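This report describes a surface patch and some charged pairs. The structure comes before the details.

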Amino acid sequence: MAELLHRLGSFAARRAWTVIVSWFVILGIAVGGFLVGFAGLSSSFDIPGTASGDVIAELEEQLPDFSGASGIVVFHTEDDGAFTDEQRAEIAELVESGRDLPDVSDVIDPFATDQQLTDQRQQVEDGRTQLADARPQAEAGEVQLDAGQAQLDAGQAQLDAARSQLEARGLPTTALDAQQAQLDAQQAVIDDQRQQLTDGLATIDENEAELERGAELLSFADGIRVVSEDGATAIVNVQFSEPRLELAQESKDAVIEHFESEPIEGVEVAFSTDISQGVPEILGVGEVVGVAIAAIVLVVVLGSILAASFPIVTALVGVAIGAMATLSFSGLVQMASVTPILGVMLGLAVGIDYSLFIIYRHRRQLLEGADVHESIGLANGTAGNAVVFAGATVIVALLALNITGVPFLGVMGTAGAVSVAVAVLIAVSLTPALLGLAKYRILSKRAVARARAADPDAVARASRSVRPMSTLRAVLTVVVATVALLVVAIPALSMRLGLPDGGSEAADSSAYRAFTLTEESFGAGANGPLLVTASLPAGLDDDAALDAQLSVARELMAQEDVVAVAPVALSDDNRLTAFQVIPAEGPSSTSTETLVRDLRDVPPIDGDITLGVAGQAAINIDISEGLADVLPLYLLVVVGLSFLIMVMVFRSLLVPLIATAGFVLSLFATYGAVTAVFQWGWFGELFGVHNPGPILSFLPVILVGILFGLAMDYQLFLASGMREAWAHGAPARLAVAQGFRAGRSVVIAAALIMVAVFSGFITSESVIIKSMGLGLALGVLFDAFVVRMLLMPALMHLLGQAAWWLPRWLDRIVPNVDVEGAALERRHPVHHGHVS
């Protein structure tokens, strides 16, 4: 590999314009692919096979009107007073015309709905009044019938007595037959009236029972409102025909444009995250500032503006190619909105760093008097070889995200791997081409003057003056660094995973305003309603289905932290019914998370009615649990593979073990710091976290993949120098000091650049991008400056000669990987002369 890269570097230096034009042709192809293949990004996340996914599939089959995505539009009067009749009418007009928007199945008028609820409640009261009036009338009729029956019984008794007297005297009784017929007719009338009265009372009882069942169901929904009690806030529910993962961004944008197209005087409008959360901007002011800070570091390290510009130029070209190429496949593969952002983050950071490593080596060789083309080839074969290995480590870690079984994570990992691969290819081809064009102009006059004035003997003496650290210092360094990282990691013990809701959005965003207005006017739970389904037994008629609905509603209301329950649908075959459940707190709260689990654990109601839970809160919980389950496997696979690779590189068991253990320490310290900021709210004002909540559910997995790859980069550039010094005969502890001194400058510069680039994303308004930027910046900070610069050298010092121990049987089978290109240097020695 080193020889191949040497040839590539030499070719690129001599055929610079050929290489440059080739890369811009590739960029053009990527842009063309983007223009043809880009089909939009999704702002939603999902994991196949979850409980909420099964519920949604059941809804799609039996209640398709409730399986699509939904969102809310919040209207609020600017003076906090009740809506005027004119304002209500204008909102109603927007609602009516909104039903014709693309992918919109229905838009609910809040004022009409509120009036319907009021009418239903009034109907219940009117029904109770009517039934209350009807029962006394029926009872009075029963009294009258009893009185008539008594008179009829008395007349019958008199007639029977007269009949007995006539029969006793032997006289005929035919004269009484007419009277008997008259009494019989009167009895028939009374019996018929009594039956009617009995039927009427039974009907009253049935109506009372049905009315009370309806009243009970209606009372469960008392906590559900769409117009606030003060009449100043109204919620418009927008129901889409497409599921949330398939809903086009254009359809959501159309809703926003429609409701903002005709502003209503004195009324503000805001949109929930389901509608307003789109694709965050890829590059903003913060990212530009981060790159500017990286440029300053480059100028300081490389000593000239021209040399400092090369890593930034190559990184930007790589980012453009990687992002365009990735987005070209968005029509074939569903991509989350953060997918290209991750590629941009990594492309910028590693693109600058990888180019820096090669330029730094080339610059040093030029200052030692090497020929330009010879130096470029050798720098590409040595530092470039290390870049390829480091990039391969990152790529393996990112591609391993596909083993998690989570589609959107696999796509993110693949996109990130593409960006890193492009960065590596550009570093070992475009960078040498630019260096070939620049020749000696990358050296500042001051650097050349210092090189000419340098005394070779003084340099040698300075090299010999390097001394290993004291053992006491090494012990103190290990203890202090380890304790510090463990203390920072403490908050990770309470880390909760979730997806951001409207309360986590920027304070000036529409989503945050909608979230806040909804919480203030309707309660926190209105921001995260649950959709609960109940599978009913077959063969139920309408009355039995209503009884079953009532049983389910009672069970739901009996749960802790349930504010309201409303039946929203019943399938045509009476087999599936759906309820809206309003929890006591928001979708990211612990109580709502507990409620979802409790509902799923409810045993079959009445023996054969089973429940399912969906809704955004339930979906977030399922995704978070699924990601938490795959994290240990992913960590094991990535660390295990990388451990084997490092054994080959360093030909040691303890050095890879130190590297891996140090990474785990820095990883959990990163988890702890992120938890303290985003979940506990520490330094929230500094980082723009105004509403602490759960940690982004896929952040821990993403951090494992990216940070492990970057950590091994720094481990490689430091430890390989230590091994080289040891292999050349230096005592083990002295080799640690010499290797550390040789690699510290470029590693510090590379880490500062990484931190600067990642920190630029902290300013993003998207909490997803913000948390990823902070996590990556802190991860690099902890790993590079605490683990690699302090802990690792101290542990290597304490281990001494044992650090390079490798069993003989393993030494025989492990291939010899010359990462630093030492063999290449022997084959292509640089002929030093005077600096031009």
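Val 483 is partly exposed, with 44% relative accessible area; partly exposed lies between buried, under 20%, and exposed, over 50% (1.4 Å probe, protein chains only). The model is predicted: local features need pLDDT of at least 70 and side-chain atom pairs pLDDT 80 or more, while totals for chains, interfaces and linings use all residues. Residues are numbered from 1 along each chain as its sequence is written, and side-chain values use heavy atoms, without hydrogens and water.

Val 483 sits in helix α17, a helix being a DSSP run (H or I) of at least four residues, numbered from the N terminus. Helix α17 spans residues 471-489 and gives the most to a nonpolar patch, with four residues. The patch covers about 620 Å² and includes Val 483, Ile 490 and Leu 798. Patch residues have over 30% relative accessible area and no salt bridge, and nonpolar side chains (Val, Leu, Ile, Met, Phe, Trp, Tyr) are joined within 5 Å.

Side chains of opposite charge can pair when their charged atoms come close. The whole structure holds eight salt bridges, each a side-chain nitrogen of Lys or Arg within 4 Å of a carboxyl oxygen of Asp or Glu. Three of them are listed here.

| Salt bridge | N to O distance |
|---|---|
| Glu 96 and Arg 99 | 2.5 Å |
| Arg 99 and Asp 106 | 3.1 Å |
| Asp 783 and Arg 788 | 2.7 Å |

Asp 783 is buried at 3% relative accessibility, and Arg 788 is buried at 0%. Shared partners join Glu 96, Arg 99 and Asp 106 into one salt-bridge network.

How values were computed: Patch = residues over 30% accessible without salt bridge, like charges linked within 9 Å, V, L, I, M, F, W, Y side chains within 5 Å. Areas by Shrake-Rupley, 256 points an atom, 1.4 Å probe, with all protein chains shown as cover. Helix = DSSP H or I, 4+ residues; strand = E, 2+ residues; numbered from the N terminus.
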